[in-house]
Amino acid sequence: MLLGFISLLLTVFQGVMQRTCIPPGWTIYMLPCRSAKEQAELSPTEAHGHAAGILGLTRRRLLAEGGPRTQRCQKKGEVPLLSVEALHQLHIFIFILAIAHVIFCVLTMLLGSVRIRQWKHWEDEIQKGATDNGPRKVTYVHQSEFIREHSKGIGRDTTMLSWLHSFLKQFYGSVTKSDYTTMRLGFITTHCRSNPKFDFHRYMMRALEADFKKVVGISWYLWIFVVVFMLLNINGWHTYFWISFIPLLLLLAVGTKLEHVITQLAQEVAEKHSAVEGDLVVNPSDDHFWFGRPKIVLYLIHFILFQNAFEIAFFFWILTTYGFNSCIMDHVPFIVPRLVVGAIIQLLCSYSTLPLYAIVTQMGTFFKKEIFDEHVQQSLLGWAQKAKKRKALRNNGNGSNGAAAGSSHPSATARLELMRRAVALEEGSAGGNGSEASAAELHDTGPKL
């Protein structure tokens with residue numbers, strides 16, 4: 001829909017762009033290739049590469065000339081703001097960018113899901129070994145495998161070395177069995193204590209699929225980045241070489257932060273307890289995330305995947321339109337690292353960062369609506385809509401009669417309380433907060449349903 005809307009806008013405003021005339025001198029600034037004057041000063045070998053790049057531009061410009069709107073600018077001694085052929089190429093680039101973004105997101109989701117599904121046998125082992133009866137064992141915190149991996153060791157108590165350990169751990173064993181077991185228990189203890197056999201893996205996969213619908217989209221602010229990056233593609237700046245490192249650095253920062261959240265959970269338990277009755281339990285909290293908002297991680301992953309797709313889409317667009325030897329393509333020493341970085345981003349995000357995101361973001365204060373089965377979600381939303389209608393009718397009706405009816409039917413009041421909680425769930429979904437419900441509001445109702 002967004003792709004079609006942008007194409008429609010370009011078509012609608014095509015006449016306006018053709019009637020907008022600018023001085024020819026304005027077109028010699030911020031070019032991706034050398035100007036004609038600089039071209040004449042090059043050696044024949046260097047000039048051949050730049051000629052291959054500007055030849056396509058010259059041909060397209062000649063093809064666009066001759067129309068009445070172009071002749072209108074020529075009579076003034078000026079040129080159109082954007083030629084018809086340039087608009088056509090812009091349509092093609094937007095299409096390639098959208099296709100590349102969807103393909104990269106799907107590929108990331110598939111590879112990441114394969115990694116996450118490997119944790120299913122851990123869930124099955126926990127479900128089989130779960131027993132409600134029997135004496136509870138005493139767990140010595142500092143002997144726990146989870147604590148030893150994240151809290152104990154040479155220098156891990158210092159902040160700098162703790163971050164360094166989190167940075168390195170994302171490249172090997174980003175999520176271990178002890179990590180999964182401990183965080184799963186912390187989630188169940190906090191949000192659904194009455195259901196110790198809650199299928200955490202299934203809930204995590206449902207939440208990841210819901211987030212995928214947001215990641216695969218292309219938001220308006222991402223198009224602003226595209227426009228800025230294309231304008232900064234100036235000869236000699238090697239812009240696309242430098243910006244290819246932006247998603248890599250962001251990806252490393254996100255992976256390090258997610259690993260550090262696990263480390264913080266371990267350190268928090270180690271500082272408060274020396275021994276606990278039963279299994280080790282962590283305390284999920286939004287305070288462990290940037291600005292207390294776990295959703296920021298999702299936005300960053302969204303930007304990383306889009307920026308990586310933009311790099312690859314731009315490469316193939318220039319390759320098919322102007323050729324490999326085009327000056328717009330830049331030199332080979334700058335092209336190869338961009339492609340290598342793109343491949344590294346794709347693999348690291350699929351096999352490390354995305355699985356980390358899937359489990360660590362469940363360690364926030366709130367849980368997502370995917371904790372309910374689909375039919376329960378529909379029932380809650382249905383109750384919410386009925387509650388809103390009844391509230392509107394009650395406000396329009398006689399207030400005293402409504403108060404009497406409420407006092408004479410306590411069961412109806414209980415139903416309205418349940419509907420009020422469902423309304424909070426629906427409003428959270430509409431408010432863009434990741435459809436999160438307060439654990440305090442829904443703890444007694446949601447998981448029991």
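Phe291 counts as exposed, at 77% relative accessibility; here exposed means over 50% relative accessible area, buried means under 20%, and partly exposed is in between, using a 1.4 Å probe and protein chains only. Phe291 lies in the loop between strand 4 (275–277) and helix 15. Helices (H or I, at least four residues) and strands (E, at least two) are DSSP runs, numbered from the N terminus. Although Phe291 is not a glycine, its phi is positive, at about 55°.

Before going on, a word on what you are looking at. This is a predicted model, in which local features need pLDDT of at least 70 and side-chain atom pairs count only at pLDDT 80 or more, while totals for chains, interfaces and linings use all residues. Residues are numbered from 1 along each chain as its sequence is written, and side-chain values use heavy atoms, with hydrogens and water left out.

Stay in that loop for a moment and find Asn283, which is also found between strand 4 and helix 15. Asn283 is partly exposed, with a relative accessible area of 42%. Leaving aside neighbours within four places in sequence, Asn283 is in contact with Leu265, Glu268 and His288, where contact means heavy atoms within 4.5 Å.

Now step back to the whole chain. The protein chain has 20 helices and six strands. Of its 449 residues, 43% are buried. Among contacts between residues at least 6 apart in sequence, 82% join residues at least 24 apart.

Two residues illustrate such links between separate parts of the sequence. Met17, in helix 2 (residues 14–19), touches Leu10, Pro80, Leu81, Leu82 and Leu87, not counting residues up to four places away in sequence. Met17 and Leu87 are 70 residues apart along the chain, and their C-alpha atoms are separated by 9.5 Å. His91 and Gly4 are 87 residues apart in sequence, yet 9.9 Å apart in space, C-alpha to C-alpha. His91 is partly exposed, with a relative accessible area of 23%.

Leu222, Trp223, Val226 and Phe229 are buried in helix 12. They cover an arc of only 125° around the axis, which puts them on the same side of helix 12; the arc is that of the directions from the helix axis to the C-beta atoms. An α-helix has 3.6 residues a turn, so residues three or four places apart point the same way. The face turned away from the buried side of helix 12 carries the exposed residues Trp220 and Leu231. Covering the buried residues of helix 12 are elements including helix 1 (2–12), helix 6, helix 13 (239–243) and helix 15 (295–322).

Helix 10 (residues 177–191) has 15 residues and reaches 21 Å from its first C-alpha to its last, close to the 21 Å expected at 1.5 Å a residue. Its buried residues include Ser178, Asp179, Tyr180, Arg184 and His191.

Finally, look inside. The structure holds two cavities of 30 Å³ or more. A cavity is a set of points, on a 1 Å grid over the protein atoms alone, where a 1.4 Å probe fits but cannot get out, and lining residues have an atom within 4 Å of a point. Grid points are joined across faces, edges and corners, and a volume is the space filled by probe spheres set on the points. About 100 Å³ of space lies in the largest cavity. Helix 6, helix 11 (200–215), helix 15 and helix 16 (332–360) each supply at least two residues of its lining, and the largest share, four residues, comes from helix 11. The lining residues of this largest cavity include Cys105, Thr108, Asp211, Phe212, Leu305 and Tyr357. They divide into 10 nonpolar, one polar and one charged across the lining of the largest cavity; Ala, Val, Leu, Ile, Met, Phe, Trp, Tyr, Cys and Pro count as nonpolar, Asp, Glu, Lys and Arg as charged, and the others, Gly among them, as polar.

Technical notes
1 Å grid on protein atoms, 1.4 Å probe; cavity = no way out; pocket = protein on both sides within 12 Å on 5 of 7 lines; lining within 4 Å. Expected span 1.5 Å × (residues − 1).
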